[in-house]
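Visitor: Hi! I'm new to this one. Could you walk me through it?
Guide: Gladly, let's have a look together.

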Amino acid sequence: MLNHLPQGNDPVSAFSVPCHNYHRICDLLLSSARSRSTSRGLQLHGYVVKSGLSLIPLVANNLINFYSKSQLPLDSRRAFEDCPQKSSTTWSSVISCFAQNELPWMALEFLRIMMEGNLRPDDHILPSATKSCGILSRCDIGKSVHCLSMKTGYDADVFVGSSLVDMYAKCGDIVDARNMFDEMPQRNVVTWSGMMYGYAQMGENEEALLLFKEALFENLAVNDYSFSSVISVCANSTLLELGRQIQGLCVKSSFDSSSFVGSSLVSLYSKCGVLEGACQVFDETPVKNLGIWNAMLKACAQHSDAKKVIQLFKQMKRSGMKPNFITFLNVLNACNHAGLLDEGKYYFDLMKEYRIEPTDKHYASLVDMLGRAGKLEEALKVITNMPIDPTESVWGALLTNCTNHKNTELAAFAADKVFELGRVSSGMHISLSNAYAADGRFKDSAEARKLLRDRGEKKETGLSWVEERNKVHTFAAGERRHERSKEIYEKLAELGEEMEKAGYVADTSFVLREVDGDEKNQTIRYHSEKLAIAFGLITFSADRPIRVIKNLRVCGDCHNAIKFMSVCTGRVIIVRDNNRFHRFENGKCSCNDYW
């Protein structure tokens, strides 16, 4: 009888079930997994071991599943190893556990071990394997799994086929993803959603939206993942109004309560500069998964609300949700943007308590945090002592801050380290060139740019864009191709006079070229974000905030100029650069000039 267990709050003490009736134990384990009651599940596991029920494969399968849902994959592995007779379902459970808990290499390794034992993977195991390949972006291994599915005859299975579409999409192989999609004899909502996600990830947003429309025309019963994918497209394209329309469809379809849809909506509102909308969606989502917590943390971090990020992190821990490496990256970025160096160091060290190994992105954030604070030598020490090889992003963080603090010697050292890594991004060449130019070493600056040209690469063009009635208007510095260019430049000239009267003086030090003063003034006056703001001023009603998206970091002069623009026009101006949001109002910016 189960009365061998302690009474009172014991999960099974209320039941009097014969030991051989292991189905009741399985039901209780399943219930513990659903409710994420770790302590309850551990008590049940203790009873299972004492009673010898762990010898039964079905019980072992449920134990593996319980630990998987509790985000304890290593305990799932122990339960797997304790089971003497492993069925295909047992293998499927543990491989799925690893794939779901960020251990993709282990999932693939167990697939290999299973096949060495002459066991054939089935339609449950193959999707977990392809998911692992997608997480790792290992298309080569994914193609091997694809071949395996063909040999075993599961390639026509809708679930296996859908997982292959999703794998190719996540690996960036959109052609093979589409070929797989088109060849499938039967497609379900997962297949369509995976294909839409793939287009969204590749930046082919129009294709993703067309596919969504096609799915609606075919009366496909789209699910929360479908809505999540297409809302992500709107977020990436900053199509706020279209995103709101799709949110309306979610409400009509009763998918607005889904945490997956909620995560995408939080990102949509955040990326479009409407933090209050992101907060509302987050608060109204009844069941919050890790994805929506991370989306909200990222939103607040990008909008310079580090205090809110720290509060959310504490609230998340109290709710029983276990943070992952993305959670900590969001918290570190928030501390970085706010200049909270001590707090940043604390959360970096806290990762160890959760057995999370910092990635290069975490180290890059820490190095950037130290660099911004002027602690360049300490930042270099962090890089030197890293247990993993520093990447371009890590050295780039040091290089950028050396440039900002005019330490050209250390900047050149960091650049050399980047170039030792092999082919690097054009941004690294530009950063080094800017470091020399800021120090007046224009010949060295030109050499750095020449090296970029010799490699057949170009500097990324600075662009700013504004959404107006589901149409995106894009601007480049000094261009006059827009249909309303004459009005835009007239507005800038008019506004420029008002700004100068208010005390604005152009800072031409941000024109890192050896040209005369008049040319520098002309160059900096018509930066892309200024053109975009002028368009907003002549287009939008006075009560509407002007939201501008920019692909590069906003320069110091533009940052200062937009403060004066907000004063002279009385408008709220929100600019999202490649790092964060800047909300300008009454001559002040939300970043407190720390960006």
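Visitor: What classes of residue line the second largest pocket?
Guide: By class, nine nonpolar, two polar and four charged residues make up the lining of the second largest pocket. Here Ala, Val, Leu, Ile, Met, Phe, Trp, Tyr, Cys and Pro count as nonpolar, Asp, Glu, Lys and Arg as charged, and the others, Gly among them, as polar. Keep in mind that this is a predicted model: local features need pLDDT of at least 70 and side-chain atom pairs pLDDT 80 or more, while totals for chains, interfaces and linings use all residues. Residues are numbered from 1 along each chain as its sequence is written, and side-chain values use heavy atoms, without hydrogens and water.

Visitor: How much space lies in that second largest pocket?
Guide: About 290 Å³. Of its 15 lining residues, L492, G496, E500, Y504 and R525 are the closest to the centre. A pocket is an open set of points on a 1 Å grid over the protein atoms alone, where a 1.4 Å probe fits, with protein on both sides within 12 Å along at least five of seven lines; lining residues have an atom within 4 Å of a point. The volume is the space filled by probe spheres set on the points, which are joined across faces, edges and corners.

Visitor: And which helix gives the most to that lining?
Guide: That's α27, with six residues. α27 (485-501), α28 (517-525) and α30 (556-569) each supply at least two. Helices are DSSP runs (H or I, at least four residues), numbered from the N terminus.

Visitor: New topic: how do α18 and α19 cross?
Guide: Helix α18 (residues 306-318) and helix α19 (residues 325-338) cross at roughly 155°, and their axes come within 9 Å. Axes are lines fitted to C-alpha atoms over the stretch in contact, with angles from 0 to 180 degrees between N-to-C directions. The two are therefore roughly antiparallel, a term for angles over 145 degrees.

Visitor: Which residues meet there?
Guide: A306, V309, F313 and M316 of α18 meet T327, F328, N330, V331, A334 and A338 of α19, where contact means heavy atoms within 4.5 Å. This contact has eight nonpolar, two polar and no charged residues.

Visitor: What about α3 and α4, at what angle do they pack?
Guide: About 170°, with the axes of α3 (residues 57-69) and α4 (residues 73-82) 7 Å apart. That makes α3 roughly antiparallel to α4. L63, I64, Y67 and S68 of α3 touch P73, D75, S76, A79 and F80 of α4.

Note on methods. Angles under 35 degrees count as roughly parallel, over 145 as roughly antiparallel, 65 to 115 as roughly perpendicular and the rest as oblique.
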